[in-house]
Amino acid sequence: MSGRRVEIAIVGGGLAGGLLALALHRARPDVATLLIERNAVLGGNHRWSWFASDLPPGGGELLGRFRTTAWDGYEVRFPAYRRRLGSTYASLASTDFDAGLRRELPAASIVAGRAVAALDGGGVTLDGGERISARAVIDCRGFAAEGALTGGWQVFLGRHLRTPRPHGIARPVIMDAAVAQHGGYRFVYLLPLGADEIFVEDTYYQDRPTLDRGALSGRIDHYCTRHGLEGDILGREAGVLPVVTGGDFARWQRAGAIEGVARAGAGGGFFHPLTSYTLPFAVETALAVAAEADLPGDQLAALLATRARQAWRRTRFYRRLGAMLFGAAAPETRYRVFERFYRLDEGLIERFYAARSTARDKARVLVGKPPVPVLRALGALARAGPPLQGPGQ
């Protein structure tokens, strides 16, 4: 069945795909772009957060098209140490992401609630047989775990609560690790979204992609009771994200490649390997593609593949730290890595999250009392962790 023709077809209306569509529309409204998402809502059910210092030039303007929440500073808590830092922190809910895209993009440039049956360098075929031809196709359908990469997992379960009275928390607590540790590095994440609204998330760095909703829900109950944060549940979120410590990136790229199709987002290799943050990479990629909107599809695919390889090389240090984290003597002691890290200079911490650590930063992170015994850390670097296999694999 023949259908419409566009210049650029973006498959996957999550963070990466949505930001690509927005950046292209703002920079080049003359280039016909189509955003295709299998679900009825763009962005899924997620909350993305970032530091202002994470963003490339132009990134703040792009994200300024959405309703976000921002705070001047945040806190961290560990068994032996607490600290308040001054970096600006911001957060975007997927409901506001969906609303912002629908407000900013022409209605005809969004196809939601339609699954893709196949895609190639010349276009996209939807379920039902409708064919959409395109000069360039960008695949943003997410990360696929397979044996070429190694590491562990970040597993989380969160709740958006409305409390019966003001909760009194003024700024985010991005790591409250002064909690019982269960089989990995565990911390609770708090975002005060209003005087009587708060997002509470229980997060684990663990060896397997196992999300035990019952256990995590019970632990959130316990935490909220202890801290006076009970209330009505307005929403829930859960996820399993890769923490990549090594592997054969070229083989991973080849395994997911479709000839002539560009790949962006986590599925293209654009993510912080230790924190699993994707938003700064998604913003950077969206701006780069918007600046090259006239490229033929195969050249755009080559450009993004090259950028992904460059990102892999520049994030080697964070994979090394991830290997050390997962190589800790016991999973319950992994929190000490971050407890020590957060005693360092605030500028160093900002550059770490932005994946722009300097040589001096890297030396300062690694010197002093090692977070794990040196021989064990070296062994962890050599092993780099087990192959990443997703849930159910």
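Reader: Which residues of helix α10 are called buried, and what makes a residue buried?

Author: In this predicted model, Gly347, Leu348, Ile349, Phe352 and Tyr353 are buried in helix α10, residues 346-353. A residue is buried if its relative accessible area is under 20%, exposed if over 50%, and partly exposed in between (1.4 Å probe, protein chains only). A helix is a DSSP run of H or I of at least four residues, a strand is a run of E of at least two, and both are numbered from the N terminus.

Author: Two notes on the source apply. Residues are numbered from 1 along each chain as its sequence is written, and side-chain values use heavy atoms, with hydrogens and water left out. Because the model is predicted, local features need pLDDT of at least 70 and side-chain atom pairs count only at pLDDT 80 or more, while totals for chains, interfaces and linings use all residues.

Reader: What makes Asp345 a cap of α10?

Author: A side-chain oxygen of Asp345 lies 3.0 Å from the backbone nitrogen of Gly347, at the N-terminal end of α10. A polar contact is a pair of N or O atoms within 3.5 Å; within protein, one must be able to donate a hydrogen and the other to accept it, and residues adjacent in sequence count only if both atoms are side-chain atoms. The value of 3.0 Å therefore falls within the cut-off.

Reader: Why is Ala144 called partly exposed?

Author: Ala144 has a relative accessible area of 46%, so the term is partly exposed. This residue lies in the loop between β9 (131-139) and β10 (149-162).

Reader: How do you know which strands pair with β9?

Author: Two strands pair if DSSP finds at least two bridges between them. Strand β15 (residues 262-263) and β9 pair in the parallel sense over two bridges. Seven of the nine residues of β9 are buried, so β9 is largely enclosed by the rest of the structure.

Reader: Why is no salt bridge assigned to Glu237?

Author: A salt bridge is a side-chain nitrogen of Lys or Arg within 4 Å of a carboxyl oxygen of Asp or Glu. Lys and Arg count as positive and Asp and Glu as negative, while His and the chain ends are not counted. The nearest side chain of opposite charge to the buried Glu237 is Arg47, 5.5 Å away, so no salt bridge is assigned. However, the backbone nitrogen of Arg47 lies 3.2 Å from a polar atom of the Glu237 side chain.
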